[in-house]
Structure formats: C-alpha cells, structure tokens
Amino acid sequence: MENKNIWGTYSAEQLIELEEHAKEYMDFLDNGKTERECIDTIVNMIEKEGYQELQSLIKKNKALKEGDRVYSVWMNKSIVMFQMGKKPMAEGMNILGAHLDSPRLDIKQNPVYEEGGFAYLDTHYYGGVKKYQWVTIPLSIHGVVIKKDGTTVEINVGENEDDPVFFVSDLLIHLAAEQLEKKASKVIEGEALDIIVGNKPLVIEKKGEKGEKNKGKDGKDAVKRGILAILKESYDIEEEDFISAELEVVPAGKAREAGFDRSMILAYGQDDRICAFSSLKAMLEVKETERTTCCILVDKEEIGSVGATGMQSKFFENAVAEVMNLAGDYSELKVRRCLASSCMLSSDVSSAFDPAFASCFDKKNVAYLGNGMVFNKFTGSRGKSGSNDANAEYMGHIRAILDKEKVHFQTAELGKVDVGGGGTIAYILALYGMNVIDSGVAVMNMHAPWEATSKADVYESKRGYVAFLNNASL
C-alpha cells in the first residue's frame, strides 16, 4: 500500500482553513509551555463555547441534558470534557485522549547554589531526553511558587523579547577531546544539567575608618545572594519557597514555520500538544451527536501516566460517574457499561521517517510527514511489550469512517523491530474493556527541544478526530 503526500488534495478553501488551523495551533504552543498554562488556555477557550465547570453544576445539582457541554479540571494539570449525546451514556462514549506534558528540566526543591562565580538552579530532567541536546540553548522558566500563606506566584521568564534567558553550559571544543570519546548518553550527565542564572555579585558595602568601601566577609556566595535579592524584589519569594514550587525549564522562543515553503512547524512540546490541540478543536467543532463525546487531556504520560493527574488516576472514572449522575442515569454497573462500550482514539504522536537515519525505520511501516494522520495498531517495544494492540475489527470500523469522510491517513510502527519503542495511554483505557487504538501525528526530532511536524498532518488529524466523534459506534 502506497502512502501519498496529501498537500495536493486540498481545495483553495481547505488550504486557507489549514493555514488558519496551523496559526491557532502555534499560538496554543506559545501560550502553553507547561501543563498548567495549557489548562488555563483550554478553559478560556471552552468556556467561550458554552462549557460549564462540573463541580459548580454538582453544587447546584443541575441536571444535564442532550447537547450540554461540561468540563472538569484536576489539580490544574489535567482536564476532561463531555458533550452530552442523544443516547444514554451507558451505551458508550466516543473518546479522544492525549497528554499535555512534555520532556523538560524540573527545578529541584533546594536548587540555588553558587560555584566558580556563577549562580545555578539545580535541575532534574523529566521524561525521555537526549541530555546533550539541552546544553547551550536559550531556556525559559515557567511555573508556580506556592508560599506558606497559600499565595500563588506565577513565574514566566524568558519568552518575551525583553526577558533574560538561561542556559546550561558545555565544554569548549578546544578542550573536549576526552569528552567526545564518551557515549552519547554520558557526554552530558543528568546532574550536569543545572542552569546558569547569574554572574554578578551582590555588592555589600561597608565603610572603613577612612571611609573606603570594601566587601569584607559578606562577599561569600555574593552571586547567589544577588539572585535571591532579585527574586525577592521581583516576585516576593524567599529561597525556602522553592520547597513548594513547580518550576519547569523549557526552550525559550516561539513556534516557527519551517522550510522555504512554510509547510512545517518547528516548536517545543509538540509531543503531545499537537494531538491535544487537535482533539480540543475537534470537540469544539462537533455539534449534535448520537453518543456522548469526550476529550481527556492528561499529565504525566512521559513518566508512565502515574500520580493523581496521570491517566492511571481515577479522576476520569470519577468524572464519568458524576456526569452520569447529573444526567439522572447513574449506577456503578452503568458506569462500567459506559466505559466498556466506549470507543477511543489514544491521540499521541508517531515517529516520522527521517532519511538521515533511514536504517532505524521500516520504510513500509513508518509515518511520513505530509501524508496524513497516523494509526499505530500497536506500540510498545521488543515483542510489543507494553502495547495495547488494537483489534482488527476496530481498525476496520475506523477505516470505514475515515474513507466515508475522505480523511487521509497512514499506518505505522514506531521504528524497526528491536530498535527501540515507546508507549502511550492506550493500554490504560483498554483496561476498561473499551476499543482503543493509537492515532496521531508524525513528528521529527521527537523529544528534542525543537520538534518538527507538517501543517497538513495537524489539519488532517483534526478532520479525522471530528469524523471519529461523529461516527464511531462499534
């Protein structure tokens, strides 16, 4: 089966819509470089479209009816959205699921120190990264600091043109002969990914007997103290406030169009915000549906979907129960029936064929940039370990839907057998017994600070998600 580039299939009107969708997506990436920022952006978008917050409806005991739109945010880092369909929820939902977290550097709880005249923030990398890719590039800091009195201080430094940026240093090439003999995994060690945040000492002035100025003993850790003074003045935070902070270090800079033809997008965090955004837009585009539609956008996928905001948490199942209760159709058995009878697209990215590293891919079973949305019947590693491995019947059902709606798609594996592998949230939802398959967008440079995608694939994935929400019923 031959996959073909889809750019030539679009009408003039579709090309305009494609470019508008890409622009909106790039804005989403710029505004949401962390999970919390994504949630804020999403809530602002969906409330304008009539979505109501679930907890407020529960307090009012307001009944839900067909067409109602409701959402629930969990710990400011995950969200689930529902649009009520005509049929009872016990007959199943059509679900899109993606994740909002991306590989990055997290600032530790006791991070500030001085060494050799530099002030540093100590970090711990998050998710699967090639550590050497994170040195010498401009970095920004995003997140929140929660003070002892409960006050939340939001931090976002490095994105505006007038902001300072931060960086991790690397050994100069002139002295790197020994370094370059190391394995790539050891060229930069995890503990070496501390970011430089300052170099100017805090000058402590003392007057001597003759009026001269000197630093005296107060010069110790003067650069560190200078940075702490700036943090106090700018944000009213103390060093101990880092204990209750969530600060993420990410590449600084906006998403950019790539190529002379502007056909691609180069940006941080496209795994998996490309699928999250397309899923969100599909939910907003869908109007009346037979089955209730649902979109889950979660945290912690990059580290195993663990924790209270990861897909392994019960927050999604609890939200389903609450929605069914407000719809007047709750029982534990009906919740189980709802989940088991649902259809889901686990919307996550797939590896794109890279001619520079062709030996790592099976050319017959790999995704290509510009060839449409991607379906992975299975992911995992080695002998499909950790994979969902969707049923053939379900793949046949999806094919029929996409062909009917003239959606362009391709099928793929992550790479050659035994070369590597990876996983998604698919297997977690499959535990309920529902039909699940991995579906998303091909990405080059996956997990690198800057990832590349095709505008056409972003657009086509949204079209595919809309077709799925409107038509899935297996």
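Predicted model: local features only at pLDDT ≥ 70, side-chain atom pairs only at ≥ 80, totals over all residues.
1. Strand β18 (residues 373-376) pairs with β20 in the parallel sense, over three bridges. To find this spot in the viewer, look for Phe 375, which stands opposite Thr 411 in β20.

2. Helix α7 (residues 315-326) packs against helix α8 (residues 332-340) at an angle of about 115°, and their axes are 10 Å apart. The crossing of α7 past α8 is right-handed. On the α7 side the contact involves Phe 316, Glu 317, Val 320, Ala 321 and Met 324, and on the α8 side Lys 334, Val 335, Cys 338 and Leu 339. Sorted by class, this contact holds seven nonpolar residues, two charged ones and no polar ones.

3. **Ser 347, a residue worth a look.** You will find Ser 347 in strand β16 (residues 343-347). Ser 347 counts as buried because its relative accessibility is 1%, under the 20% cut-off. Its side chain makes a polar contact of 3.4 Å with the side chain of Tyr 465. Leaving aside residues up to four places away in sequence, Ser 347 touches Leu 96, Gly 97, Ala 98, Asp 272, Cys 275, Ser 279, Ser 439 and Tyr 465.

4. **A hairpin and a further partner.** Strand β5 (residues 104-115) and strand β6 (residues 118-126) pair in the antiparallel sense over eight bridges. Together β5 and β6 form a hairpin with two residues between them, and Gly 116 in the turn has a positive phi of about 60°. Glu 114 stands opposite Ala 119 in β6. β5 also pairs with strand β12 (residues 245-251), again in the antiparallel sense, over two bridges. There, Leu 105 has Val 249 in β12 as its bridge partner.

5. **Backbone points to check.** Most residues other than glycine have a negative phi, and most peptide bonds are trans. With that in mind, have a look at the cis peptide bond that joins Asp 271 and Asp 272, with omega about 15°. Asp 272 belongs to helix α6 (residues 270-285), and it is among the residues that Ser 347 touches.

6. Met 75, in the loop between β2 and β3, has a positive phi of about 55° although it is not a glycine. Lys 300, in the loop between β15 and α7, also has a positive phi, near 70°. Are these two residues buried or exposed? Met 75 is partly exposed, because its relative accessible area is 48%, whereas Lys 300 is buried, with a relative accessible area of 16%.

Conventions. Residues numbered from 1 in each chain as written. Heavy atoms only, no water. Axes fitted to C-alpha atoms, helices over the stretch in contact; angles between N-to-C directions. Helix = DSSP H or I, 4+ residues; strand = E, 2+ residues; numbered from the N terminus. Left-handed = near helix turned anticlockwise from the far one by under 90°. Contact = heavy atoms within 4.5 Å. Nonpolar A, V, L, I, M, F, W, Y, C, P; charged D, E, K, R; others polar. Buried < 20%, exposed > 50% of the residue type's maximum accessible area, 1.4 Å probe, protein only. Polar contact = N/O pair within 3.5 Å; in protein donor to acceptor, adjacent residues only side chain to side chain. Pairing = 2+ DSSP bridges.
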